[in-house]
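Subject: A structure to look at, with notes

Dear colleague,

Please find below the structure I promised to pass on to you.

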Amino acid sequence: MKSVTHPLFTDITGNKIGITTYEIGKGEPILYLQGGIHGGEVTFFIFHEIAKYLISIENQLNFKILLVPMVNPMAWNQQFYHYTAGKFNSIDGIDFNRNFSDHNYTNDVRYNMSLESKMANIIIEMATPYKILLDLHTARQSKPYLYVEHKSYKNFAEFLNFKMNIVDPLQETQRAATDFSTYFTQKYQNSKYAFTVECGSHDELNIENINEVKTRIILLINELNNNKFEFLKTKHQNNSIFLEPVKWIHAHDSCFVKFEKQSGDSVNKGDKLATIYDINHLGTSEKIYSDGSYMVIENTKSTIYRAGSKMIWLGIKLSDW
Ligand SMILES: [Zn+2]
């Protein structure tokens with residue numbers, strides 16, 4: 001395994017900070033695997049498992065894989081009392097994953113380059129030779145799921161066979177209308193396979209979740225190694241669920257919350273979603289009921305809610321799309 005560090009910046013104390021990558025295999029560059037663009041989204045253990053596997057098959061590997069487990073050095077030092085934040089730049093509030101503007105990929109002097117744009121450029125440079133790009137994240141409180149942002153990815157998603165998949169065409173249109181696209185998906189539509197994978201909940205070590213993501217990625221590595229892209233020519237039977245996000249349940253008022261359903265649970269009309277407690281009604285509680293049939297995509301990872309905050313994300317199962 002060949003390790004390279006791409007210089008990113010020098011910090012105020014003079015230390016040089018860079019992005020470290022690990023290349024393995026020989027031949028055509030096919031799989032680019034990235035994690036850690038957001039601080040506290042611990043996908044490190046998945047990279048650890050995949051690296052262990054790749055080292056064990058290094059001599060038989062007939063294509064190139066690039067592992068970038070901690071792509072954003074700025075994000076991981078944003079800690080507040082044992083909580084690693086690092087989703088937004090604390091200076092300008094911009095999501096670290098929303099710096100992939102087309103402006104960044106020119107040498108046009110009208111656009112002064114921020115550090116985040118520089119990072120985005122290095123990412124694009126690293127990823128460009130590869131055909132499949134997987135960007136590993138974690139969600140709030142969630143089971144692993146694959147984010148399928150483009151219809152042409154359907155067959156690929158069915159092959160990967162994550163138990164839960166989110167199909168988000170609305171997101172696709174919103175992104176097309178904005179300057180700041182998320183990751184590569186917009187840039188590479190139709191030319192590459194670029195997926196975001198939510199690997200579980202923020203800052204957790206969950207063996208079941210780690211195993212699911214690791215297993216799906218190793219399946220892909222083995223298939224590419226044996227049959228290259230043949231799997232895209234056939235239809236895949238699977239037991240995956242494809243969900244379209246429908247709505248967030250927001251807190252009506254500030255409250256404490258106990259969730260009654262978790263990520264991946266099905267709910268019917270009238271089922272209890274959560275119990276809420278507020279200080280003005282001390283000693284009592286109130287239930288929130290589902291108004292229809294859904295599946296819970298995520299809960300927000302907290303028990304403390306300000307009025308209007310997102311609490312529960314619901315989706316509906318798609319039979320075809
Ligand atoms: Zn993220």
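This is a predicted model: local features need pLDDT of at least 70, side-chain atom pairs count only at pLDDT 80 or more; totals for chains, interfaces and linings use all residues.

Residues are numbered from 1 along each chain as its sequence is written.

The chain has six helices and 19 strands, where helices (H or I, at least four residues) and strands (E, at least two) are DSSP runs numbered from the N terminus. Of its 321 residues, 35% are buried; a residue is called buried if 20 or more other C-beta atoms lie within 10 Å of its own, exposed if 12 or fewer, and partly exposed in between, with C-beta atoms placed from the backbone. Among contacts between residues at least 6 apart in sequence, 69% join residues at least 24 apart, a contact being two residues whose C-beta atoms, placed from the backbone, lie within 7 Å.

Let me turn to the strands. Two strands pair if DSSP finds at least two bridges between them. Strand β7 (residues 132-139) has seven of its eight residues buried. Five bridges join it in the parallel sense to strand β3 (residues 28-35), with Tyr 32 as the bridge partner of Leu 133. Seven bridges, again parallel, join β7 to strand β11 (residues 193-201), and here Ala 139 stands opposite Ser 201.

Strand β12 (residues 241-250) is parallel to β10 (residues 164-167), to which three bridges connect it, and Phe 242 of β12 faces Asn 165.

β18 is joined by two bridges to β13 (residues 255-259), where Cys 255 stands opposite Tyr 305.

Which residues touch the most other members of the largest nonpolar core? They are Leu 31, Leu 33, Leu 66, Leu 146 and Phe 195, in a core of 67 residues; such a core is a set of buried Ala, Val, Leu, Ile, Met, Phe, Trp, Tyr and Cys residues joined through C-beta atoms within 7 Å. Helix α6 (residues 207-227) gives the most to this core, with six residues. Domain 1 (2-239) and domain 2 (245-317) both give residues to the core, so it lies between them; the domain bounds come from an automatic or database domain assignment. Leaving aside residues up to four places away in sequence, Leu 146 touches Ala 157, Leu 160, Phe 162, Asn 165, Phe 195 and Val 197.

Finally, helix α6 itself. Its buried residues include Ile 210, Val 213, Ile 217 and Leu 220, and among the elements that cover its buried residues are β3, β7 and β11. After the helix comes Lys 228, whose phi is positive, near 50°.

With best wishes
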